[in-house]
Amino acid sequence: MPSDAAPPPGAGALPDPGILIVDDHVDTLYALESALAPLGYRLQRATSGDEALKQVLRGRIGLLLLDVRMPGVDGLDVVRYMRRVEQTQRIPVVLLTGFGFDPELSATAFRLGVADLVLKPVDPWTLRTKVRHLYDTHRRQVALERELSDLRARLREHAGEHPGGGPARPGRPHPAAPAPPPRPREAREEECGSLQKDRT
């Protein structure tokens, strides 16, 4: 039987991104937190769409578990706003609904790039499996993009590019580069003669 335990978080200057759980019913928040607690991730909560957007925009959110139907700003409104903002548009979102399967809701959700649509009440083991996969995949993607950006910066620095992207400064020839062809003897003698004339 697979284990729900997550590997211990690595030491770093910043905490790992959290999972934001959003629902206007406090009892549902407690149930979702209990289901996800064995994963060992940092859990945050919000009870409205407005509060969820504020937390997402502050940063350090790695996944959103979001109720669809909430008073005021509902779950789909939150997703629409997130997809328009560069810093939040790729955060994975799992939508939760307690109103059964709705083809129109499903079509709208997946058109907005929602990762999954889960019916309530949720099965804890299934929810942990989905969340762990989406969260870890997103973290790996972010880490790879950061490494690629650092590598490009190092390559530009090694090539001698200016920070603004100017042309590279000429460097020394590579040791394995072929030597230039020898100049003809007549050309060397003519050059030596002209140098002697200049000295006199």
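Predicted model: local features only at pLDDT ≥ 70, side-chain atom pairs only at ≥ 80, totals over all residues.
Have a look at Pro 121, in the loop between β5, residues 116-119, and α5, residues 124-158. The peptide bond going from Lys 120 into Pro 121 is cis, with omega near 0°. The other one to look at is Arg 60, where phi is near 65°, so we have a positive value in a residue that isn't glycine. Arg 60 sits in the loop between α2, 49-58, and β3, 61-67. With 35% relative accessibility, Arg 60 is classed as partly exposed. For background, most residues other than glycine have a negative phi, and most peptide bonds are trans.

Okay, on to the inside. Which residues touch the most other members of the largest nonpolar core? That core has 22 residues, and the answer is Leu 20, Val 22, Leu 64, Leu 66, Met 82, Val 93 and Leu 95. Six elements each put in at least two residues: β1 (18-22), α2, β3, α3 (75-84), β4 (93-97) and α4 (103-111). The largest share is from α3, with four residues.

Let's zoom in on Met 82. Skipping anything up to four places away in sequence, Met 82 touches Leu 53, Val 56, Leu 64, Thr 88, Gln 89, Ile 91 and Val 93. There's also another core, apart from the largest one, with 17 residues, including Leu 36, Leu 63, Leu 65 and Leu 96.

You'll find Thr 88 in the loop between α3 and β4. Beyond its neighbours within four places in sequence, Thr 88 contacts Val 56, Leu 57, Met 82 and Arg 83.

Helix α1, residues 26-36, packs on α5 at about 70°, with the axes 9 Å apart. That makes the two roughly perpendicular, because 65 to 115 degrees counts as such. The α1 and α5 crossing is right-handed. On the α1 side the contact uses Leu 32, Ala 35 and Leu 36, and on the α5 side Pro 124, Leu 127, Arg 128 and Val 131. By class, that's six nonpolar residues, one charged and no polar ones.

Methods: Residues numbered from 1 in each chain as written. Heavy atoms only, no water. Buried < 20%, exposed > 50% of the residue type's maximum accessible area, 1.4 Å probe, protein only. Core = buried A, V, L, I, M, F, W, Y, C linked by side-chain atoms within 4.5 Å. Contact = heavy atoms within 4.5 Å. Axes fitted to C-alpha atoms, helices over the stretch in contact; angles between N-to-C directions. Parallel < 35°, antiparallel > 145°, perpendicular 65-115°, else oblique. Left-handed = near helix turned anticlockwise from the far one by under 90°. Nonpolar A, V, L, I, M, F, W, Y, C, P; charged D, E, K, R; others polar.
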